[in-house]
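Hi,

Here is the model I said I'd pass along.

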Amino acid sequence: MYGVRPARPNRTAPWLLPGGKCVVASWLLRGGKCVVAAPASSRVWDDVGMTDFKRVSARVSGITESATLAVDAAAKAMRAAGAPVIIFGAGEPDFPTPAHIVEAAREACGLRKYHGYTPAGGLPELREAVAAKTLRDSRYAVQASQVLITNGGKQALYETFATLLDPGDEVLLPTPYWTTYPESIRLAGGVPVEVLTDESTGYLASVDQLDAACTDRTKLLVFVSPSNPTGAVYPPAQVEAIGRWALERGLWVVTDEIYEHLVYGDAVHSSMPVLVPELADRCVVVNGVAKTYAMTGWRVGWMIGPADVVKAATNLHSHATSNVANVSQAAALAAVSGDLVAVGQMRAAFDRRRRTMTAMLSDIEGITCPEPQGAFYCYPSVRGLLGRTLRGRVPSTSLELAAIALEEAEVAVVPGEAFGTPGYFRLSYALGDDDLAEGVQRLAKLFAEAG
Ligand SMILES: Cc1ncc(COP(=O)(O)O)c(C=O)c1O
């Protein structure tokens, strides 16, 4: 039996009984024991694990650890113990933050103005600069009042879902998904509905697939291009088709544009509310400085949406965190008001590594690796290696195969289980060229032994 325990005994709350039936029942203290009773039938349940206070709420105990951060931590611990581990897990640029941004933060540290709280929504000049940057980079015209500055794109997503979703609202989630989406949707009471894609379509979801997954409970679509984990970039015509479909269906779209500047070859990033301007009233754009300016640790992101939604999200934000660190906001102001030279240099390096990694992985028997068009991840299928004998073991899942790669080759990858699609690996190419080549060679050598 599951339920949300009311704040105090004798208050009622909905409880889910074994078999899926829902009753409104009271939570009572009887003889020092916690029991649940439904007044209508005056039946008392005190069995299935509810006789004790749960130390962690049902809501939070359902959250799984971030697999990407867990792989990173395990590999770094091995490295600290002296093992020469190559880590393909990182979701962050391997470049330092550009000097002029660091200098702006240094200066802000010395100024009294940056020692206090800022308005909850963010420094007014930063909100203005984000609006100006959005016009410059995406041709999307928004007011500063439509911008909420958050602790990274992650918090922008969390606050967007919390602001838009009611319990039971369904959210369409193209899969493979970035590992944080389903958790923050569920925390907001929403129900993630996976829309499965694979390498045969370059991991792109079609309108038909989305439509088939849509029900009268669907409220929102999560859209991310370029994608983490697949590196897929939707062509403009498909972005527009999906936007028009969402508009007709009356859905909200949360479009995550955090990798907007990391696109390669012929791929272009296009912003959905620019291609479908009528969608703007039901669209939230999420973005941040982390990937474009190598600023993952500074924790500055934002959401852009209709003014009423941003106002409501700002109320939530004001109680959750007051404001983003003032000095970090000063750094972000220098970043978004400056040029895009540094990201151009990073993009050139990522592009080179992307081509090297795709070619090397494609040469490994048992691996199929589509060429990513954006972000800094390859997402190969490793299904051809499952069920085969490798150093005396027979991995049947990508999780097991990743564990063997870590133990036997000292190479850390994130298994597809973290992104809702077992049978794949995610490898970040945000690491030095030599390490990249050495790591993939180690994998090739190990997997060549698969019987
Ligand atoms: C698709 C996507 N969105 C949002 C984020 C959040 O970035 P941050 O919270 O570091 O700004 C990430 C980070 O990995 C990401 O990959």
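Below is what I found in it, starting with the ground rules.

This is a predicted model, where local features need pLDDT of at least 70, side-chain atom pairs count only at pLDDT 80 or more, and totals for chains, interfaces and linings use all residues. Residues are numbered from 1 along each chain as its sequence is written.

Seven strands make an open, mixed sheet in the order 7-13-12-11-10-8-9 (strands are DSSP E runs of at least two residues, helices H or I runs of at least four, both numbered from the N terminus; strands pair if DSSP finds at least two bridges between them). Strand 7 (147-150) and strand 9 (191-196) are at the edges with a single partner strand each, so one side of each has no neighbour in the sheet. Strand 11 (residues 252-256) runs parallel to strand 12 (residues 283-288) over four bridges, and V253 sits opposite C283 in strand 12.

V253 also turns up in the core: along with V222, it has the most contacts inside the largest nonpolar core, which has 122 residues. (Such a core is a set of buried Ala, Val, Leu, Ile, Met, Phe, Trp, Tyr and Cys residues joined through C-beta atoms within 7 Å; buried means 20 or more other C-beta atoms within 10 Å, exposed 12 or fewer, partly exposed in between, with C-beta atoms placed from the backbone.) Helix 11 (residues 326-337) gives the largest share, seven residues.

Lastly, G432 is in the loop between strand 17 (425-428) and helix 14 (433-447). G432 counts as exposed because it has 12 C-beta neighbours inside 10 Å.

Cheers
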